[in-house]
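Visitor: Please take me in for a close look at a single part of this structure. Start with the overall setting, then go down to residues and contacts.

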Amino acid sequence: MANGSTFKSNGSVFSGRLDEFRLVELLQMVGLQPNTGALHLHQDNGRTGLIYFDTGALVSCAELDTEALTLGHVLQQLGYANATQIAHAFQQQTQDPLGKRIGERLVDLGIIDQDRLIYALKMQALWTARELGLWREGMYEFHPGERLAPDSASPRIDSTHAIMEMLRYEHEWESLEPYLRDGMRTRLMMAAQAPLDHQLLFDPRAWLIISKVNTQQTVRRIATTLRLPELDVARMVEPLIQQGLLIPVGAAGGPGLPEEAERLSMRNFDLFTLLIGMEQDWLKKKTPMSQLIALAEFINSTMRSLEESCQLTGLTLAPDTLNVILGREGLVGVENYRFRVEHNRIDTDEFTAFCKQVFDGSRGAIGASKSFYDRCSDILERALGAAFESINARIASPLERAQNQEAWEALFLTFRGEQAPAG
Amino acid sequence: MTHSFTRAPFPARGPYAAAETWEDEFVPDDTMYNGQTVMLIDDSIAVRRVIEASFQRANLPTTTFPDGLAAIQALSKGEVGVPAVLLLDIELPRMKGYEVARLLKSHAGFEHTKIVMLTGNDGVLNKVHSRWVGACDFIAKPFRVSDLISVVSALLRQTPPDRGSGGGSDDPPDTL
């Protein structure tokens, strides 16, 4: 640890300043042990980076920025997919925002195979990490145990490999940094007039870059359009800046999400108001049967709110979304009864009849009724939690995700009649 | 500890800031309230969690308590400052919200504290009773979280931070 560092650890979270402890050093500390959790990086200008570790391996690295490196950028830069194919997959996403992720859709469409998807995700994480490794100021905070939503296509990157790549990149970037101060987000413009001593003879690849500057502006976007790795494009841009043909004009982007991810995010889903309403409804339900029906109705009201939220951003919720969520979690019914689910709603009339039949059938047998209630409420609660979880997985901010989960778990305590722990 | 203090840690800026939540209609900055705090007393852990999280996203410093006695105890020990706005559930264990409001309002330190009653029972009598005990507003549950933030933000803007203990003084009210 550096002398005078603000590094501190309370056993659960450590945090400090990046000017005292660089990312590459943090990676050594976190990644060389079997740690699981998330490293949050933050700068005063609002830039945020998130690196997730699973038992010491780096499994995801992302920047929360409107110009962040996306999987779509990487797939195009590696030549695995073109813009039209990615737009097609994205269009499918808008019809089923809680369904498969865009990479899985591209695999389904036969545009890439699973190996290429995992390789591209790996490159996305590595390329983002090496850019974050250049940060010289800001804060870091490690959150042990914090995980991403499970994803079958997550890459696992050995921490030593990531550290070596970051050191190599840092070394190479030393020569590019004076010209591209904002990395791949650097905005470029054509010089108003050509330098007098320039013969205006160009390598064909240099001309390709020049021809894209006005429309694409940043190194990252130019590289994506040309379907070339962005570091290669940065190398080609550097002499053009040196020669006075291109001029760097600051950084593009700002805190947020890239446009497509922003549209798919569930940030305008008003979970908290929904939870407050559910609690009030619940408090009016005094009988076991009315409580079970209320739980089924809460699932329906969650799906209804979700549909409304999707409509606001021009998305359409796939009609089998609830079926998929229940099926994935193995929550399709209770005992021999299967929930009838149509258009993202549980048929509560049929479910009410089923409950009535069970409670009437076990009249006088309090133990049997209670046992049914416990099993049924457990399944419905888990189903409601799974719906919340699916929505929460689309929230970019880990802080908001954690707060959302804490809030619905508090509601579940009320459902179970458990005494609330103090604030 | 019977209370929590929702501070604005480093993630409460940039992409974590309130502007990116649904409370877009009003997004106060970090310094707008000059240290004024909001206190919530509600026995529902779900309500406390929801309000802690959503107020944190809106940069509103908030303390929460499950009942009035816990809040009074923390105030008298100086563990928390006198809030500028108090959100008070009516149906509380150990001591009703009305009694809590009457007790606090009888103390000079709470002269400028704005009390907002929260209740699941939207009856006229509750509203009248709330007025009698010094509450300035009444919000029926279920409420929209964004509406509550708007109400609290407006009340905080009405309360000058330099006026008495309602401005968020950390000094304990000595007679509580």
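Guide: Two residues are in contact if their C-beta atoms, placed from the backbone, lie within 7 Å. By that rule, residues 24 or more positions apart account for 73% of the contacts in chain B with a separation of 6 or more. In chain A, 72% of the contacts between residues at least 6 apart join residues at least 24 apart. Keep in mind that this is a predicted model.

The setting comes next. Chain A has 423 residues, and 38% of them are buried. Its C-alpha atoms fill a box of roughly 100 × 50 × 35 Å along the principal axes. It holds 16 helices and twelve strands. Chain B has 176 residues, of which 51% count as buried. Its five helices and six strands run in the order β-β-α-β-α-β-α-β-α-β-α.

The part to look at is helix α8 of chain A, residues 219-226. Is α8(A) mostly covered or mostly exposed? It is mostly covered, with seven of its eight residues buried. The buried ones are A:V219, A:R220, A:R221, A:I222, A:A223, A:T224 and A:L226. Note that A:R220 and A:R221 are on that list. The cover over these buried residues includes α2 (71-77), β7 (186-190), α7 (204-216) and α9 of chain A. Just after the helix, A:R227 takes a positive phi of about 55°.

Now take one of those covering elements, α9(A), residues 230-242. The axes of α8(A) and α9(A) lie 9 Å apart, and the helices pack at an angle of about 115°. Angles of 65 to 115 degrees count as roughly perpendicular, so α8(A) is roughly perpendicular to α9(A). The crossing is right-handed. On the α8(A) side, the contact uses A:V219, A:R220, A:I222, A:A223 and A:L226. On the α9(A) side, the partners are A:E230, A:V233, A:A234 and A:V237. By class, that makes seven nonpolar residues, two charged and no polar ones. An α-helix has 3.6 residues a turn, so residues three or four places apart point the same way.

For comparison, look at another helix pair of chain A. Helix α11 (residues 271-284) and helix α12 (residues 288-312) have axes that come within 11 Å and cross at roughly 160°. Angles over 145 degrees count as roughly antiparallel, and therefore α11(A) and α12(A) are roughly antiparallel to each other. This crossing is right-handed as well. From α11(A), the contact takes A:L274, A:M278, A:D281 and A:W282. From α12(A), it takes A:A294, A:F298, A:S301, A:T302 and A:S305. The classes here are five nonpolar, three polar and one charged.

Both pairs lead on to the cores. In soluble globular proteins, nonpolar side chains tend to be buried together. Here the largest nonpolar core has 134 residues. Those with the most contacts inside it are A:L275, B:V50 and B:L88. A:L275 touches A:A407, A:W408, A:L411, B:A46 and B:V50, leaving out residues up to four places away in sequence. Apart from this core lies another one of 16 residues, among them A:I209, A:V233, A:M236 and A:L246. A:V233 also belongs to the contact between α8(A) and α9(A).

A few single residues complete the picture. A:I102 lies in helix α4 (residues 102-108) of chain A. It is buried, because 20 other C-beta atoms lie within 10 Å. Beyond its neighbours within four places in sequence, A:I102 is in contact with A:L71, A:A89, A:F90 and A:Q93. A:L71 falls within α2 (71-77), one of the elements that cover α8(A). A:I102 and A:G72 are 30 residues apart in sequence, yet 8.7 Å apart from C-alpha to C-alpha.

Two non-glycine residues have a positive backbone phi: A:N344, at about 65°, and B:N59, at about 60°. A:N344 sits in the loop between β11 (341-342) and β12 (345-346) of chain A. It counts as buried because it has 22 C-beta neighbours inside 10 Å. B:N59 is in the loop between α1 (45-57) and β3 (62-65) of chain B. B:N59 is buried too, with 20 other C-beta atoms within 10 Å.

B:P142 is in the loop between β6 (137-140) and α5 (145-158) of chain B.

Conventions. Residues are numbered from 1 along each chain as its sequence is written. Chains are lettered from A and ligands numbered from 1 in the order in which they are written. This is a predicted model: local features need pLDDT of at least 70, side-chain atom pairs count only at pLDDT 80 or more; totals for chains, interfaces and linings use all residues. Helices (H or I, at least four residues) and strands (E, at least two) are DSSP runs, numbered from the N terminus. A residue is buried if 20 or more other C-beta atoms lie within 10 Å of its own, exposed if 12 or fewer, and partly exposed in between; C-beta atoms are placed from the backbone. Axes are lines fitted to C-alpha atoms, for helices over the stretch in contact, and angles run from 0 to 180 degrees between N-to-C directions. Angles under 35 degrees count as roughly parallel, over 145 as roughly antiparallel, 65 to 115 as roughly perpendicular and the rest as oblique. A crossing is left-handed if the near helix is turned anticlockwise from the far one by less than a right angle, and right-handed if clockwise. Ala, Val, Leu, Ile, Met, Phe, Trp, Tyr, Cys and Pro count as nonpolar, Asp, Glu, Lys and Arg as charged, and the others, Gly among them, as polar. A nonpolar core is a set of buried Ala, Val, Leu, Ile, Met, Phe, Trp, Tyr and Cys residues joined through C-beta atoms within 7 Å.
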